[in-house]
Amino acid sequence: MDNRVKIFDTTLRDGEQVPGCRLNTQEKLVIAESLESLGVDIIEAGFPVSSPGDFESVKEIAKLVKNPVVCGLSRAVQKDIEVAADALKYAKRPRIHTGLGTSDQHVFTKLKITREQVIERGVAAVKMAKKFVEDVEFYAEDAGRTDNEFLAQVVEAVIAAGATVVNIPDTTGYCIPEEYGQKIKYLVDNVKGIEKATISTHCHNDLGMATANSITGVQNGARQVECTINGIGERAGNTSLEEVVMALKKHKWLDFYTGINTKDIYPISQLVSHTMRMPIQPNKAIVGSNAFAHSSGIHQDGFIKNRDNYEIIDPEEVGVEKSSIVLTARSGRAALYFRIKVLGVDLSKEELDLVYPKFLEVADHSQIVEDQDLKNILSSTLAISVNL
Ligand code: KIV
Ligand code: ZN
């Protein structure tokens with residue numbers, strides 16, 4: 001099996017479902033262009049039947065994008081599929097993404113149909129979508145809570161009907177990694193014809209497991225990961241594109257690779273955050289403002305001696321300019337010396353002995369000691385002036 005993992009970005013569909021994050025067509029086009037430069041394999045551009053605005057966005061993205069597959073979501077409903085096909089008609093590589101719920105929870109209390117009807121509707125939807133496009137992805141909504149034996153029956157039937165990709169969403173973010181990995185393995189081992197389709201992960205983050213579940217899915221046979229920039233999405237969000245890509249890249253022994261230009265990660269993260277008016281938590285992995293900031297004395301000392309002591313990613317690798325040493329009341333002498341040296345002053349040991357207690361006094365009264373504070377300290381304790 002090929003070890004190339006395809007990245008299916010759904011920032012513009014599942015990500016955009018977040019309240020307050022709705023985008024207009026122009027904003028979506030800018031993000032779609034950046035996703036193409038980032039190197040994603042598939043862009044899920046929207047849910048065309050959901051509104052005229054979304055239809056327009058999918059249509060314009062389909063015209064604009066050259067390399068990635070452009071995908072439109074639909075329910076397993078004739079009207080949705082026809083509208084999705086219409087929105088995708090200018091795409092160089094169109095894909096219709098259709099499906100329905102498969103868990104007992106969804107089948108009996110949402111759809112209110114039988115399991116046999118789920119299979120019939122899924123097969124009919126795939127066959128209908130195949131009339132418009134060759135590339136049809138089927139999603140088994142709430143697969144995370146679906147009994148594996150029934151899930152295998154559904155997946156086998158839709159592949160026989162022509163599905164090229166089978167998406168196994170953990171819609172409610174319920175699974176833990178071992179469980180999700182076993183689910184994918186069960187399908188690999190039990191579905192006749194599974195080799196004809198790509199298995200896709202689509203994990204939500206309700207228990208904070210989305211990235212781990214996606215990686216375990218890949219280890220067990222999935223070769224497409226559905227994800228969003230900054231992990232945005234319904235409730236606790238989707239799998240973060242940047243986390244999956246960097247986890248695979250950093251663990252070379254896993255022997256998987258993606259087509260992502262990792263240096264573009266931080267710029268697109270900022271673009272999505274600003275355009276969607278969705279701030280990034282400071283401690284967010286890879287793209288948070290603290291992801292490459294060191295503030296405690298022990299870490300700062302180790303980092304200054306050798307970056308690899310406290311960083312597993314070179315910030316430049318993901319497009320972040322540089323790491324930072326943040327001065328706080330928990331910082332040590334090594335960090336203070338380092339930051340003052342950056343300002344152009346090489347302190348002797350005796351000078352540092354004089355400056356350090358003054359620094360702690362200032363630090364105890366402020367959250368972060370800035371360059372201006374250092375300038376004042378150097379001037380008052382050593383009569384050294386610094387140009388900022
Ligand atoms: O989470 C989910 O199940 C989905 C499907 C519509 C693919 O977003
Ligand atoms: Zn989803």
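1. In this predicted model, ligand 1 sits in the largest pocket. The residues around ligand 1 are Arg13, Asp14, His97, Tyr139, Glu141, Asn167, Pro169, Thr171, His202 and His204, and this shell divides into 2 nonpolar, 5 polar and 3 charged residues. Two strands, β5 (135-141) and β6 (165-170), each supply at least two residues of that shell.

2. Which side chains place a polar atom close enough to an oxygen atom of ligand 1 to count as a polar contact, for which the cut-off is 3.5 Å? Threonine 171 has a polar side-chain atom 2.6 Å from an oxygen atom of the ligand, while for histidine 204 an N or O atom of the side chain is 3.0 Å from a ligand oxygen, and for histidine 202 the corresponding separation is 3.1 Å. Of the 260 Å² of accessible area that ligand 1 has on its own, the protein covers 92%.

3. The zinc ion (ligand 2) is coordinated by Asp14 through OD and by His202 and His204 through NE2, at 2.0 to 2.2 Å.

4. In sequence, the zinc donors follow the spacing D-x187-H-x1-H. Distant parts of the chain are linked by the pair of aspartate 14, in the loop between β1 (6-9) and α1 (25-38), and histidine 202, in strand β7 (residues 198-203), which are 188 residues apart.

5. Two residues other than glycine have a positive phi and could be looked at on the backbone. Arginine 277, in the loop between α10 (265-275) and β9 (293-294), has a phi near 55 degrees. Alanine 383, in the segment after α14 (371-382), likewise has a phi near 55 degrees.

Technical notes
Residues numbered from 1 in each chain as written. Chains lettered and ligands numbered in written order. Predicted model: local features only at pLDDT ≥ 70, side-chain atom pairs only at ≥ 80, totals over all residues. Heavy atoms only, no water. Near = heavy atom within 4 Å. Polar contact = N/O pair within 3.5 Å; in protein donor to acceptor, adjacent residues only side chain to side chain. Areas by Shrake-Rupley, 256 points an atom, 1.4 Å probe, with all protein chains shown as cover. 1 Å grid on protein atoms, 1.4 Å probe; cavity = no way out; pocket = protein on both sides within 12 Å on 5 of 7 lines; lining within 4 Å. Sits in = over half its atoms within 2 Å of the grid points. Helix = DSSP H or I, 4+ residues; strand = E, 2+ residues; numbered from the N terminus. Nonpolar A, V, L, I, M, F, W, Y, C, P; charged D, E, K, R; others polar. Donors = N, O, S within 2.8 Å, 3.2 Å for Na, K, Ca; no water.
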